[in-house]
Amino acid sequence: QPSNWKRIVLGAILLASKVWDDQAVWNVDYCQILKDLSVEDVNELERVFLELIQFNINVQQSAYAKYYFGLRSIAEQHGLQLPIDTLDTKRAKKLEARSSNEEYDKLAEMVESGPTKAISLENLSRRRPSLAVIS
């Protein structure tokens, strides 16, 4: 359906805010803004979105850089104002280190609490920041 993209974008924003923000917006808060959605709708959207991406909320460095710079190019072509803080190498490394540390902490917490599902411990033993790929 032509309107499906709106729900996909909402699902992506919902999850992104929960992954990156220290104090993420609650699903009920979205319902106060988007009056035609109930909390059950937003919860279902979040659950289905997570299932469709197979609960993989990580973004590869190369994919992030590709779309980041692609979107910046499109914005410049259309004369749109760009944010003052651009993503330079130093800032990219800082973001990647933050992401890696948060992922490690979540895995460690899952191990300590006794997970109900199988999880990958591959990254648990290698706690080191990755370098961002900027092309």
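Trainee: Why is Glu46 called buried?

Mentor: Glu46 has a relative accessible area of 14%, and buried means under 20% relative accessible area, exposed means over 50%, and partly exposed is in between, with a 1.4 Å probe and protein chains only, so Glu46 counts as buried. Before we go on, note that this is a predicted model, in which local features need pLDDT of at least 70, side-chain atom pairs count only at pLDDT 80 or more, and totals for chains, interfaces and linings use all residues. Residues are numbered from 1 along each chain as its sequence is written, and side-chain values use heavy atoms, with hydrogens and water left out.

Trainee: What makes Glu46 and Lys18 a salt bridge?

Mentor: Their closest N and O atoms are 2.9 Å apart, and a salt bridge is a side-chain nitrogen of Lys or Arg within 4 Å of a carboxyl oxygen of Asp or Glu, so the pair qualifies. Glu46 lies in helix H3 (residues 39-52) and Lys18 in helix H1, so this pair ties together parts that are 28 residues apart in sequence. Lys18, at 31% relative accessibility, counts as partly exposed.

Trainee: How many salt bridges does the structure hold, and which residues are linked in a network of them?

Mentor: The structure holds 3 salt bridges, and Glu44, Arg47 and Glu51 are linked in a network. Glu44 meets Arg47 at 2.7 Å, N to O, while the closest N and O atoms of Glu51 and Arg47 are 2.6 Å apart. Within helix H3, Glu44 and Arg47 are 3 residues apart, about one turn of the helix, and Glu51 and Arg47 are 4 residues apart, again separated by about one helical turn.

Trainee: How do you know whether Glu44, Arg47 and Glu51 are buried, exposed or partly exposed?

Mentor: Glu44 has a relative accessible area of 38%, Arg47 is at 37%, and Glu51 is at 40%, so each of them counts as partly exposed.

Trainee: Why is the pair of Tyr64 and Tyr68 called stacked?

Mentor: A search of the whole structure finds 2 aromatic pairs. In the pair of Tyr64 and Tyr68 the ring centres are 5.8 Å apart and the planes lie at 15 degrees; rings of Phe, Tyr and Trp (its six-membered ring) pair if their centres lie within 6.5 Å, and planes under 30 degrees apart count as stacked, over 60 as edge-to-face and the rest as tilted, so this pair is stacked. Both residues lie in helix H4 (residues 61-77), 4 residues apart, about one turn of the helix.

Trainee: What makes the pair of Tyr68 and Phe69 edge-to-face?

Mentor: Tyr68 and Phe69 are 4.9 Å apart, centre to centre, with 85 degrees between the planes, and this aromatic pair is edge-to-face. Tyr64, Tyr68 and Phe69 form one aromatic cluster, in which Tyr68 counts as buried at 16% relative accessibility, whereas Tyr64 at 38% and Phe69 at 25% count as partly exposed.

Trainee: How do you know that the buried residues of H4 are on the same side?

Mentor: In H4, Gln61, Ala65, Tyr68, Arg72 and Ala75 are buried. They cover an arc of only 100 degrees around the axis, which puts them on the same side of H4; the arc is that of the directions from the helix axis to the C-beta atoms. The face turned away from this buried side carries the exposed residues Lys66, Tyr67, Leu71 and Gln77.

Trainee: Why is Trp5 called exposed?

Mentor: Trp5, which lies in helix H1 (residues 4-20), has a relative accessible area of 52%, so Trp5 counts as exposed.

Key. Helices (H or I, at least four residues) and strands (E, at least two) are DSSP runs, numbered from the N terminus.
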